[in-house]
Structures are given as C-alpha cells and as structure tokens.
Amino acid sequence: GLGLRVIQNAAAMLAGRGVGILFSAATSILLARYLGRERLGEYGAIYAYLALYGFFATFCLEQILAREVSVRRNQAAELFRTGTLTALGFSVVGATVAPLFAPLFGYSGMLRWLIVVAAVDLLILPPFKLSGIVFQVDMRLWYVVAIGLFRQVLWLAAVVFLALKNAAFYEVIIARTLCSVVELG
C-alpha cells in the first residue's frame, strides 16, 4: 500500500544520502589534495559565484511542476515541456549575466571563461532535468537516488583520473560539466 511505498522511498532517500556523503567526502578530499589551496579556492569561488545565479536555473518551478503533474497526469508532457522551456529561458539569462558581471567581482581572464563552462553545468542543464520530477510524483525516488549516486561515482572516477594524469585546472571544470551531461543522458 501507500504506507509501504512511503517507507521504501524514505529508506531509499536516507540510504542514498548516507552513501552519497561517503562519495562526496572522498571526492572532496581527493580534489583538495590534487588542486592544492590556491586552485581549490578558485574552484570553490567559481561555483560559489555561480550559485548566486542558481535561481535562474529552474526559476523555482520544481515544486509547481510536481504539484501540477500529480494533479493533472494526463497533461504531464505538456506541463514538463512548458516548464522546461520557461526555465531554459531564465537559465540562459543567468548564464549570460553571470559571465558579464564576473569582472565586477574580480573574475577575469581564464577564470571568466571557466565561469562560462561551469554555467553550463549549474545554469543551462538543470531545466532539462525537470522531467525527473515524474519519479517524485510516481513515488519512485530510488531512481533519483540511483541517478545521483551514479553521478557522484562518475565525478569521483573523473577526479581520480584527473589527479593521476596531473591534468590542468580547466580540465577539472570541464570534467565536472561533462559529468552533468552524462547524468542528464
């Protein structure tokens, strides 16, 4: 029944969080050792700066879409299409404004271009992930957990590979963006 599905979903979410924390900790430690203080600071600064524009990514449509799709299941495809296109419009604005304003916050040269690449990950791709809300509506949250853990494993593997290769800093930003593209797929 419904109670069992709620318990299963809660268990999947809790287990996923626990395992995710372990993967995240391993990735963070490895990334910190590989990048060093200065580059890790730049890495963090790039993603912190883009987080300021994060509201553009989906324009807070997740909750609205979850409710509307659960109420109007027969119109789910149309709702997701409209939500995705609306959010994509806002995300393009955010991905355009962030690099334009970057020099005002001290980001110039290569860091500004890295902001453009990272903006694809944090601002452009999220609207395309809105259709994943259907797992929430169908109470199949283990799909969301599995996809999230897959991305974390992929990112950990990428960081290991980059560290072994002694890759350049810009390759870290590109690799993270590519992990998001694979997750979307």
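Q: Is Tyr43 buried or exposed in this model?
A: In this predicted model, Tyr43 counts as buried, since its relative accessibility is 9%.

Q: Where do Tyr43 and Tyr47 lie, and how many residues apart are they?
A: Both tyrosines are in helix 1, with a spacing of four residues, or about one turn of the helix.

Q: Why would that spacing matter for the direction in which residues point?
A: An α-helix has 3.6 residues a turn, so residues three or four places apart point the same way.

Q: How many aromatic pairs are there in the whole structure?
A: The search of the whole structure finds eight aromatic pairs. One of them joins Tyr43 and Tyr47: the pair is tilted, at 4.9 Å centre to centre and 55 degrees between the planes.

Q: What about Phe135 and Tyr143, how are their rings arranged?
A: The ring centres of Phe135 and Tyr143 are 4.7 Å apart and the planes are at 25 degrees, so this pair is stacked. Phe135 is partly exposed, with a relative accessible area of 23%. Tyr143 is partly exposed as well, with a value of 30%.

Q: Which residues do ring pairs link into a cluster?
A: The cluster consists of Tyr49, Tyr53, Phe105 and Tyr107, linked by ring pairs.

Q: Back to helix 1. What does it span between its end C-alpha atoms?
A: Helix 1 spans only 37 Å between its end C-alpha atoms, whereas a straight helix of 50 residues would span 74 Å at 1.5 Å a residue.

Q: Where is the kink in helix 1 centred?
A: The kink is centred on Gly36 and amounts to about 115 degrees.

Q: Changing topic: what is the volume of the largest pocket?
A: The largest pocket has a volume of about 890 Å³. Its lining has 33 residues, and those closest to the centre are Lys129, Val144, Ile147, Gly148 and Glu183.

Q: Which elements give two or more residues to that lining?
A: They are helix 1 (2-51), helix 5 (110-124), helix 6 (133-137), helix 7 (141-165) and helix 8 (169-184). Helix 1 provides the largest share of the lining of the largest pocket, with eight residues.

Q: How do the residues of the lining of the largest pocket divide?
A: In the largest pocket, 16 lining residues are nonpolar, 11 are polar and six are charged.

Q: And the second largest pocket, what is its volume?
A: The second largest pocket has a volume of about 220 Å³. Its lining is made up of Met13, Gly16, Arg17, Val144, Val145, Gly148, Leu149 and Gln152. Helix 1 and helix 7 are the elements that give two or more residues to this lining.

Q: Which helix gives the largest share of the lining of the second largest pocket?
A: Helix 7 does, with five residues. By type, the lining of the second largest pocket divides into four nonpolar, three polar and one charged.

Q: Where is Met110 found?
A: Met110 is found in helix 5. Its relative accessibility is 48%, so Met110 counts as partly exposed. The C-alpha atoms of Met110 and Ala45 are separated by 13 Å, and the two residues are 65 apart along the chain.

Q: Now the backbone. What is the phi of Cys60?
A: Cys60 has a positive phi of about 60 degrees, although it is not a glycine. Cys60 lies in the loop between helix 2 (55-58) and helix 3 (61-71).

Q: And what is the phi of Asn166?
A: The phi of Asn166 is near 55 degrees, again a positive value in a residue other than glycine. Asn166 lies in the loop between helix 7 and helix 8. With a relative accessible area of 62%, Asn166 is exposed.

Q: Finally, how many helices and strands does the protein chain have?
A: The protein chain has eight helices and zero strands. Its C-alpha atoms fill a box of roughly 55 × 35 × 20 Å along the principal axes.

Q: What share of the residues counts as buried?
A: Of the 185 residues of the protein chain, 36% count as buried.

How values were computed
Residues numbered from 1 in each chain as written. Predicted model: local features only at pLDDT ≥ 70, side-chain atom pairs only at ≥ 80, totals over all residues. Heavy atoms only, no water. 1 Å grid on protein atoms, 1.4 Å probe; cavity = no way out; pocket = protein on both sides within 12 Å on 5 of 7 lines; lining within 4 Å. Points joined across faces, edges and corners; volume = space filled by probe spheres on them. Nonpolar A, V, L, I, M, F, W, Y, C, P; charged D, E, K, R; others polar. Expected span 1.5 Å × (residues − 1). Bend = angle between axes of the 7 residues up to and from the residue. Phe/Tyr/Trp six-rings, centres within 6.5 Å; stacked < 30°, edge-to-face > 60°. Buried < 20%, exposed > 50% of the residue type's maximum accessible area, 1.4 Å probe, protein only.
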